[in-house]
Amino acid sequence: MKYHFNEIEAKWQKYWADNGTFHASNTSDKPKYYVLDMFPYPSGAGLHVGHPLGYIASDVYARYKRLKGFNVLHPQGYDSFGLPAEQYAIQTGQHPATTTKVNIEGGVDNQGNVIAGYRNQLDKIGFSFDWSREVRTSDPAYYKWTQWIFTELYNAWYNNDSNKAEGIDTLVSAFAKAGNESINAVCDDDVTIFTADEWNAYTDKEQQTILLKYRLTYLAETEVNWCPALGTVLANDEIVNGVSERGGHPVVRKKMTQWSMRISAYAERLIQGLDTIDWSESIKETQRNWIGKSVGAMVSFQLKDHAEKIDVFTTRPDTIFGVSFMTLAPEHELVEKITTPEQKEAVEAYIEATSKRSERERMADVKTISGVFTGAYAEHPFTKEPVPVWIGDYVLAGYGTGAVMAVPCGDQRDYDFAKKFDIPIPNVFEGIDISEEAFADKAATVIANSDFLNGLKYKKAVKLAIYELEKIGAGTGKTNYRLRDAVFSRQRYWGEPFPVYYVDGMPQMIALEHLPVELPAIEKYLPTEDGAPPLGRADVWSWDTKTNTVVSNDLISPSGGDVQGTEGVYPLELNTMPGWAGSSWYFIKYMDNTTEDGSVPKEALDYWGNVDLYIGGSEHGTGHLLYSRFWTKFLHDRGYLGIDEPFQKMINQGMILGTSAIAYRISGTNTYVSAGLKNQHETEGIHIDVNMVNASDEIDIETLKNWQPQFKNAEFILEEDKFVVGREVEKMSKRWYNVVNPDDICNQYGADTLRMYEMFLGPLEQAKPWNTAGITGVHNFLKKLWRLYHSGAEEAFHATDTAPTKDNLKTLHKTIKKVEEDIENFSFNTSVSTFMIAGNELATQKCTSRAILEPLLILIAPYAPHIAEELWNKLGHTESISEAPFPIFEEKHLVESSKNYPISFNGKMKFTLELPLDYTKDQIEEVVMAHEKTKQYLGDRTPKKVIIVPGKIVNIVG
RNA sequence: GCUCGAGUGGUGGAAUUGGUAGACACGUUGGACUUAAAAUCCAAUGUCCAUUAGGACGUACGGGUUCAAGUCCCGUCUCGAGUACCA
């Protein structure tokens, strides 16, 4: 009987769906295990073979954990809000909800494109997902809770004393009792001190304005990254090398009133938490860099002839006596005020010139040193000497205070600046030559020429400097973080609407019982003519506070302006939330998707806890993975979650690259040469579709001629009657014609082959090229496996109750041991090899024993579940193989009585010798030395030494 | 520039604690079966020298430690990823 994988796979996929085989229960005596994939954005292009790699790995692990007796939660869903659907909507006029649905469920869009649908593609691969828990972030039932979390963040502040987020009401009552002086909160820099009496005398609007400076999500005019091409603002992590991550469009700085998330409040806990989770060191390092913690001091320099002080942050307060000038960012607010009339022209010209340079130019051009003297002087806090104040664009407005105390002897940038403008470079290091470059080695620092710091090493000097600064009121120890608050508004349509309306310009939250606030219908998915976001086009987009519903804008008081809302109807927020909003908590929603109101009951939260294993790409290192951790910690603080970290262990799968096929065309002609002949001509490489090329890199000329018109009348120079193409490894992309569709692979070889081959390609975390040619190896293995169970007459199913032989048992148990170790270490590629070896050995042994064939199937089931189910069923089982227990390894079957010792001479293996394992060193030496081959290799030399490691090796030295 | 990771046959890769380098596959070559092809099966396959027996070399490069190094140490080169005036 032949291995009809298509029939078998369809049959078992249907069985799993019909029987709810992989439905996870929220109550179980078994230990829980939560395996999660980063959910996909359902794009119209569908999946290529690179996408399911991580899903296959997590599926193997999930299935393995089930066999090991765990209650496994393995859900899947869609991150279905986002830019591509909206861009497509702008182009085609289709509602993004429609195209998103087609992209997930399959169908034909109104452009006539046939879309396979993510769900259909995923189903073909045979994943053990519990689809009853599916989430879609664009589903109102889902984003209701995204909106709710937003309101919770709004109604919270961060108390540094308790080191957690608290309800805003505790802050309000503290203000009413004692003002804000003793409040130790994370808040905006510009809050002023007020007393309880002052607070109580403020109008409601004044109070609300102050509270916005404390809330964990807040409305503020901030300088944002505006991308004109996309018509929206972007978060820092959405910008790569000064251009937008999506599309590569230029980004400019612009002041706008936007919602922000006070993630900076969690900077320290986000760093500390990394020590408690099992993630790769590289991604932890990425997060640490992004958060950018630096410990140092704030120092104030009093300006001469001005009341203001310049505050600077420094990590080297120990070098304070080395300060010979200060530099402000050109955008610094004091620049205008302190510039002297003589310098005014030069300063203004400089500011003008730098503001014209884009972020990108500034980054590309680090070498050029530029700056201008303001004419102003500050006073050194200790020496009282005048310190000239310069401006320079090497100081960034966005980091620290936008000003630095320049210590040219200890900082290369300050050094270069001082050299260029002939500013003195006082040396504050003992025994260090600074005539060539600055000296920045903290460990080797001994301070000199620095009054009370003389002779001290780095650590002590820092401590003493801070102590003295505090004593004279000129500074204090401070830890600074690079992490900025995250802008949370997007001027887009296809995102979560904010549950916010405005009364007299002040934001008001819509209560949970009235959520979700659903996206309104609009005509066109573009900004309005006067520049408002797309939601500005909605006619029914106002909040009626009497009915708590969204109503027509016409119901806002017709007089408009300041007296809006006289009817209790107010305008709703026009921005939507960013792409990362929905993905910041989706792993929680999977824990229960059955409740009427969509809430996740506490029992489910407590039972599943955090994700035990998270698999996904490392490209989300500074976005999704940071925001999810932030929201988890926040929800933890507010008592909604018991866990403090969302993802306990994470594995980042490597990218699967395409192996492009290149045909070589002789330059200036329409003649193509086979790859072996290309060096005889001047040629250019033309990408051709990899799906037309066979395993030997040959292509049929007729196929190529029919592929694209340009080949129709082309000439071909063959070698040995064959036309061979070149190969190149590059990113899998339509552009290079190297995309391989998993559906095609499933049809031609089967899902089990696809699954095993993806695992066989190489280590999970490593980037590796896909080459369909190699798939026959894995496919042949599955065919061999099938024959192992069909050894009867006419290849009918055949399994016997005969006792297994010693060799059978040895093969089986060796396999159990290796496969179990491999899965635990996520070394899936080596376990596929192990199966092949086991298959080959058992075939050689002509094993038909049920006692071997049954456990073998269980081992293979996580990798090739369909064939395993089919054979398991044929063996007489009525339950799914996923209910079976994982076989137990027994050492006794592997115990050997002898070892094939390698015999080396001076470390080089020359021959092997089979010897009993219970031989002592002396016995081994005796046999080896007496062996004729030893004498042959030794010749007339006398061995100096014989190294014997029993059970391992013999090495004869001499 | 800095941080991290990686360099092993024609190709993907294996070697988990220093102990037989190249498992398992792909590809290639030869053979069996077949009218033929496909499928299947068998054998060979790191490089070089040699008719064989066998020998030499070999894990990016140069050193070192060790009886023994792909593995440990020092230096160099190349590639990839992240980050980039962070005070």
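Predicted model: local features only at pLDDT ≥ 70, side-chain atom pairs only at ≥ 80, totals over all residues.
Just after helix α4, Gly-106 takes a positive phi of about 90 degrees. Residues are numbered from 1 along each chain as its sequence is written, while chains are lettered from A and ligands numbered from 1 in the order in which they are written. Helices (H or I, at least four residues) and strands (E, at least two) are DSSP runs, numbered from the N terminus.

Let us stay with α4 for a moment. Helix α4 covers residues 96–105, and its buried residues are Pro-96, Thr-99, Thr-100, Val-102, Asn-103 and Ile-104. Here a residue is buried if 20 or more other C-beta atoms lie within 10 Å of its own, exposed if 12 or fewer, and partly exposed in between, with C-beta atoms placed from the backbone. The elements that cover these α4 residues include those in this table, where contact means C-beta atoms, placed from the backbone, within 7 Å.

| Element covering α4 | Residues |
|---|---|
| α3 | 83–92 |
| β3 | 107–108 |
| β4 | 114–115 |
| α5 | 118–124 |

Now to helix α1, which has 15 residues (5–19) and reaches 21 Å from its first C-alpha to its last, close to the 21 Å expected at 1.5 Å a residue; the expected span is 1.5 Å times one less than the number of residues. Phe-5, Ile-8, Glu-9, Trp-12 and Trp-16 are the buried residues of α1. They cover an arc of only 95 degrees around the axis, which puts them on the same side of α1; the arc is that of the directions from the helix axis to the C-beta atoms. These buried residues pack against α24 (751–760) and α29 (865–874). On the other side of α1, Glu-7, Lys-14, Ala-17 and Asp-18 are exposed. Just after α1, Gly-20 has a positive phi of about 55 degrees.

There is also an open sheet of 3 strands, ordered β6-β5-β7 with antiparallel pairing. β6 (164–167) and β7 (185–186) stand at the edges with a single partner strand each, so one side of each has no neighbour in the sheet. Strands pair if DSSP finds at least two bridges between them. β5 (residues 156–159) and β7 pair over 2 bridges, and Tyr-158 has Val-186 in β7 as its bridge partner.

Finally, UniProt lists Lys-734 for "binding site" in an unreviewed entry; such positions use the numbering used here, feature names are shortened, and annotations may be inferred rather than shown by experiment. Lys-734 lies in the loop between β32 (726–730) and α23 (742–749). Lys-734 is exposed, with 9 other C-beta atoms within 10 Å.

Terms used
Contact = placed C-beta atoms within 7 Å.
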